[in-house]
Amino acid sequence: MDKKVVELNSGWKIAYEENYKCKDYADDIYDIKTLKSKNLPEINATVPGNFELDLYKEGIIEDPFFGLNPLKMQDWENRHVWYFNEFYLDETDGTEYIRFEGIDTIAEVYVNGHLVLFADNMYIAHETKLDNLYVGKNEIVVHISPATIAAREYELPPSSNAQEYAYDSLYIRKAPHMFGWDIMPRLVSCGLWKPVAIYRRKADRINDVFIYTTAIDVKNSFANASIFFNVDVSKDLLKDYSLEVEGKCKNSTFYFKKRLWHTQGHFRFNISDCVFWWPKNAGSPDLYKTTINLYYKDYLCDSFNVNFGVRTVELDRTNVTDSDGNGEFCFKINGKKVFCMGSNWVPVDAYHSNDINRLPKALEMLDDLGCNITRCWGGNVYEDDYFFDFCDSHGIMVWQDFAMGCAVYPQDQIFFEKLQDEAIQVIKRLRNHPSLILWAGDNEGDYAYQDWGGIRRNPDKNVVTREVLARVCEAHDFTRPYLPSSPYITEEAYVGGKPTSEEHLWGPRDYFKGPYYNTTVCHFASETGYHGCPAPASLRKFISKEELWPCFKENGFPNDEWEAHSTCMELLPDVAYSYRIRLMERQVKTLFGDDESDQLFDFAKQSQISQAEAKKFFIERFRISKWRRTGIIWWNLIDGWPQISDAIVDYYYTKKLAYHYIKRSQNPVCLMFGEPVDNVISLYGVNDTIYDVDVSYKVTDVIADGKVVLEGKSILTGDTSLLVNELTIDNNQKTFYLIEWEINGKSYKNHYFTNILDINYDTYMEAIRKCGFDEFEGFDE
């Protein structure tokens with residue numbers, strides 16, 4: 001690794017001005033003296049950070065998340081922002097370079113008055129050699145231009161299409177959600193959102209390493225692997241250079257040392273007594289701590305460390321399916337089919353400099369819920385290495401969308417080159433992580449291409465996902481499957497009109513056991529969700545007392561602050577996303593009928609019950625029908641700002657009731673009821689582990705004072721869903737059944753409510769109290 005000379009994460013200041021006031025001289029500012037001569041407003045800056053958060057710290061703006069303040073942030077979209085700083089060097093040797101891990105977004109970097117770097121992509125790192133450094137004091141100025149105004153320099157072709165508020169995002173490589181989404185506010189931020197440092201480049205160094213599995217024999221604990229390397233050397237002749245590779249996991253090791261014949265290439269090797277990386281429930285996520293050393297003769301020039309997980313990944317899929325299940329969408333790890341259950345991973349913060357602070361707690365929850373997969377949604381940034389390291393070590397598979405969503409992106413060379421450069425860097429950074437099992441071209445881009453432009457078009461003509469990204473993935477990571485879009489609409493699906501094998505199950509968002517949700521035929525649901533109101537304690541943190549309740553005005557439209565926190569970008573009747581408050585209310589009305597509460601305390605509980613029962617049903621429907629169905633990735637774990645949403649944990653880490661219901665439903669070995677057929681409900685035992693399990697169980701009628709209606713013992717075969725027992729119920733019976741089972745002396749619980757429609761709130765609350773499922777948080781009166 002190169003030596004870090006200066007860490008530039010302190011001492012920064014910011015100057016800023018509106019575009020119309022400074023556009024004639026903004027490009028002439030190249031040093032601190034010139035910047036100071038403009039007498040612009042200045043504040044202290046945090047790096048890593050965001051300009052808007054520094055404005056808040058300085059008291060220039062109010063909390064951007066409170067009340068109607070998110071809408072006020074639109075007035076700051078036209079600011080030019082200059083970060084400036086000084087740093088000192090004791091010596092220079094001509095090998096120094098500066099590296100920005102993340103700049104948001106369009107920036108020129110000046111060092112000692114010289115333009116050294118132009119950046120226009122917030123997703124990737126930017127680095128450049130520094131030839132004009134001094135011994136002693138040096139200075140740096142980073143000019144960030146307003147992204148929304150820079151977007152106007154590109155002429156969009158009419159074939160491009162986007163959500164109403166997001167057209168200015170199409171050419172700008174900046175997280176799409178920042179321009180406004182149905183789960184995130186329009187906060188078009190800027191800043192040095194990741195660390196900055198100056199390094200000295202070694203003459204003999206390891207530039208890149210990619211280590212991967214080529215073949216496995218699990219039965220005989222054997223694997224073939226390969227390492228691709230790229231190094232720099234200072235000598236003309238290579239005969240005295242060698243690469244040493246050593247890995248160790250438990251009692252298994254591999255080692256070799258070979259001379260170099262070229263600065264790039266492959267070394268292939270075998271691993272005996274091999275231990276493999278498996279996802280959660282399928283085995284242990286074993287990792288080889290691997291060190292790669294570059295030697296010149298006996299001198300150690302450079303080292304590279306990586307955790308290597310020995311595993312293969314396949315995606316067995318068909319383009320379409322039907323109601324008879326003639327299709328497939330199934331991941332195989334090490335040749336073994338894996339049932340997937342987990343959460344979509346969306347922004348953990350609207351201001352991404354804060355991501356790194358929120359990742360640990362969010363990831364702990366992901367693991368606690370028993371998730372073995374997470375889908376990194378295309379409207380986000382690419383997560384930090386901390387995220388992937390956690391998933392590697394906890395056996396959580398990662399489906400990674402490239403950062404595009406719900407749009408038809410420009411089909412021209414300008415955009416192709418932007419995306420290609422981004423994808424190459426992202427792939428190189430992430431491809432050594434065994435948890436990463438899929439690259440997906442975008443989120444719902446095929447939907448947008450086919451249907452959202454007013455004229456039906458064939459998504460297979462999308463060059464961005466069918467050619468540009470496909471070529472990059474094939475060149476730089478041929479070890480994982482690539483899916484052009486999620487969902488992926490092929491020529492066969494487009495022409496034939498048949499349903500795809502993988503879907504996003506949103507539909508009418510009506511009764512969660514209604515015809516839409518009960519008749520979907522996909523094998524894999526990579527999105528599905530249901531609203532849940534945040535707890536009153538959380539609502540009070542972002543909605544003023546005057547607008548807290550009721551949530552609707554007399555005219556039936558949502559209160560302004562509720563509307564703003566359903567991510568509306570403007571306060572107009574029936575504006576985009578304003579439906580979300582009414583949607584939540586309708587879902588409560590559907591479940592509780594005339595028993596819907598007109599008080600916030602009980603309404604929020606009813607909404608959380610509705611969400612919890614819905615997501616529990618979605619998950620259990622897929623698990624019961626294993627292997628006809630192979631996975632469900634629900635929407636979503638945690639909010640990235642204070643809002644009313646489908647998340648099961650709000651921005652303040654307060655868990656909604658669904659968190660606890662999902663945790664029980666995702667237990668690796670779980671008993672659950674299917675839906676009634678001819679007044680019979682079937683009890684299934686789903687075992688996602690690789691071992692057969694002995695269970696003893698009983699089912700009690702909680703409302704009828706704990707009457708036992710079923711009990712027995714069963715052997716649940718590993719990795720299967722088995723019918724355990726059956727129970728006859730009355731046609732209109734509304735009963736809360738508690739399902740309890742024991743495995744090796746440890747007790748588990750689940751429940752099932754029959755005919756869960758138009759139910760009595762008090763009866764339901766009494767039932768969950770008896771079961772110990774009254775797990776509401778943030779409801780202290």
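Where is glutamate 444 found? Look in the loop between strand S24 (436–440) and helix H9 (445–451). Keep in mind as you look around that this is a predicted model. Glutamate 444 has a positive phi of about 60°, even though it is not a glycine. Most residues other than glycine have a negative phi. With a relative accessible area of 10%, glutamate 444 falls under the 20% cut-off, so it counts as buried.

Serine 221 also has a positive phi, near 50°, and it isn't a glycine either. You'll find serine 221 in the loop between strand S11 (205–217) and strand S12 (222–232). Its relative accessibility is 27%, so serine 221 counts as partly exposed.

Now for some peptide bonds. Most of them are trans. Tryptophan 549 and proline 550, though, are joined by a cis bond, with omega about 0°. Proline 550 belongs to the loop between helix H13 (536–542) and helix H14 (560–564). Another cis bond, again with omega about 0°, links lysine 626 to tryptophan 627. Tryptophan 627 lies in the loop between H16 and strand S28 (631–634).

That brings us to helix H16 itself, residues 600–624.

Finally, trace the open sheet of 4 strands, ordered S32-S31-S34-S35 with antiparallel pairing. Strand S32 (707–716) and strand S35 (746–753) are the edges, each pairing on one side only. From one strand to the next, the twist averages 20°. Strand S34 (residues 736–743) is joined to S35 by 8 bridges, and isoleucine 743 stands opposite lysine 746 in S35.

Methods:
Residues numbered from 1 in each chain as written. Predicted model: local features only at pLDDT ≥ 70, side-chain atom pairs only at ≥ 80, totals over all residues. Heavy atoms only, no water. Pairing = 2+ DSSP bridges. Helix = DSSP H or I, 4+ residues; strand = E, 2+ residues; numbered from the N terminus. Axes fitted to C-alpha atoms, helices over the stretch in contact; angles between N-to-C directions. Expected span 1.5 Å × (residues − 1). Buried < 20%, exposed > 50% of the residue type's maximum accessible area, 1.4 Å probe, protein only.
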